[in-house]
Amino acid sequence: MYTQAIDLPGQPPRERAASGASDSPADPARQQAFDSAIEAGRKIEPQDWMPEAYRRTLVRQISQHAHSEVVGMLPEGNWITRAPSLRRKAILLAKVQDEGGHGLYLYSAAETLGVSRDELVEALLSGKAKYSSIFNYPALGWADMGCIGWLVDGAAIMNQIPLCRCSYGPYARAMIRICKEESFHQRQGYELMLALCRGTAAQKAMAQEALDRWWWPVVMMFGPSDAESVHSAQTMKWGIKRISNDDLRQKFIDATVPQAELLGLEIPDPHLKWNAERGHYDHGPIDWSEFWRVVDGDGPCNRERLETRRRAHANGAWVREAALAHARKRARRARQAA
Ligand code: FAQ
């Protein structure tokens, strides 16, 4: 994986890709063109003028998303060598590779906004950048592979489908492909849960125990309640976010309860109840103190996850150096041949 922009000799340094981004309110015509595009549902592309705050918000969200995909490889990656059959191993391997690919599309989408891969990776490794809280929980047993696919990918799809309509073109297009792959991920997780739940009593107990641990962290994945969400109002105005955190959380719960019933598993929420008047499930209170503790770096695996990423990055230094040397050599040869 390249983590550096390649500035080849003789070429000017790479220009900021989103060259139109500006803090200056000076040009009302450009602001007007941007506002009209957003209102009309037209995509904003890297070469278009955009307000600096819009650019920064996208860099924040897309890079957090990319980091989540990359750190998200770790809980499942730990289980590849312990998969119980060749079929399960092949599925898990493919899924984890897909998550790595999602990270790459998303870093590329963020780079179109004028940040370098190096800056983004450095923000993750230094602990400055956020990534999804969910990946700071441990995967303790094989049933966790089912729960991650069924619930974590299920929640990810719920959040990402509306992002396919995001106002920023490169992000929206990346999400279309990612959602197709996430759909396979969710289905393989549910199928794994189904196999466990139709298996022995011990296998079903494993599935229930994993659901008991993953349920609330997944419910929290959608982010703080709408009342506490600092970014939602503006990102919804800009057409980046289309559905609020609480509404997505509700959609996820409504879709997941019947799936748990089919598995014969019990969701660990004594307050969970169908509310015919609202046409939705009511759920119990969310422990937001746990959510913020994990987001602020003190979850069960935050330190371990960052250390693993730092080690992997250091161990991959020789690959990046070799790839850059190869690219320079090819560029030199191309110039000589010209
Ligand atoms: N974890 O004002 P809001 C996946 C932060 S991909 C950590 O509501 P916003 C695939 C938030 O950043 C999962 N931090 O923020 C997979 C902000 O902090 P900041 C990732 C969180 O941006 C499956 C602050 O709280 N998906 O699972 C979380 O409007 C299996 C205030 O919050 C995406 O990133 C959290 N859960 O809404 C991979 C989707 N929630 O930046 C492997 C794109 C909130 O001011 C295996 N992102 N925060 O310092 C989004 O849709 C949004 O960014 C939200 C948050 C909904 C995550």
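A contact here means heavy atoms within 4.5 Å. Take the contacts in the protein chain between residues at least 6 apart in sequence: 78% of them join residues at least 24 apart.

The model is predicted, so local features need pLDDT of at least 70 and side-chain atom pairs count only at pLDDT 80 or more, while totals for chains, interfaces and linings use all residues. Residues are numbered from 1 along each chain as its sequence is written, and side-chain values use heavy atoms, with hydrogens and water left out.

Start with the overall fold. The protein chain has 13 helices and two strands. These are DSSP runs numbered from the N terminus: H or I of at least four residues for helices, E of at least two for strands. The radius of gyration is 22 Å, close to the 20 Å that the globule rule gives for 338 residues, so the protein chain is as compact as a globular protein of that length. That radius is taken over C-alpha atoms, and the rule is 2.2 Å times the number of residues to the power 0.38. Along the principal axes, the C-alpha atoms fill a box of roughly 70 × 45 × 35 Å.

Next, burial and surface. Of the 338 residues in the protein chain, 51% are buried. Buried means under 20% relative accessible area, exposed over 50%, and partly exposed in between (1.4 Å probe, protein chains only). The protein chain exposes about 16900 Å², and carbon and sulfur atoms supply 54% of that area. Areas come from the Shrake-Rupley method with a 1.4 Å probe.

Now the aromatic rings. The structure holds ten aromatic pairs. Rings of Phe, Tyr and Trp (its six-membered ring) pair if their centres lie within 6.5 Å; planes under 30 degrees apart are stacked, over 60 edge-to-face, and the rest tilted. In Phe222 and Phe252, the ring centres are 5.5 Å apart and the planes stand at 45 degrees, so the pair is tilted. Phe222 sits in the loop between helix H8 (201-220) and helix H9 (232-237), and Phe252 in helix H10 (residues 245-263), so the pair ties together parts that are 30 residues apart in sequence. Phe222 is buried at 6% relative accessible area. Phe252 is buried at 2%.

Trp288 and Phe291 have ring centres 5.4 Å apart and planes at 90 degrees, so this pair is edge-to-face. Both lie in helix H11 (residues 288-298), three residues apart, about one turn of the helix. Trp288 is partly exposed at 24% relative accessibility, whereas Phe291 is buried at 6%. Elsewhere, ring pairs link Phe34, Trp49, Tyr54 and Trp238 into a cluster.
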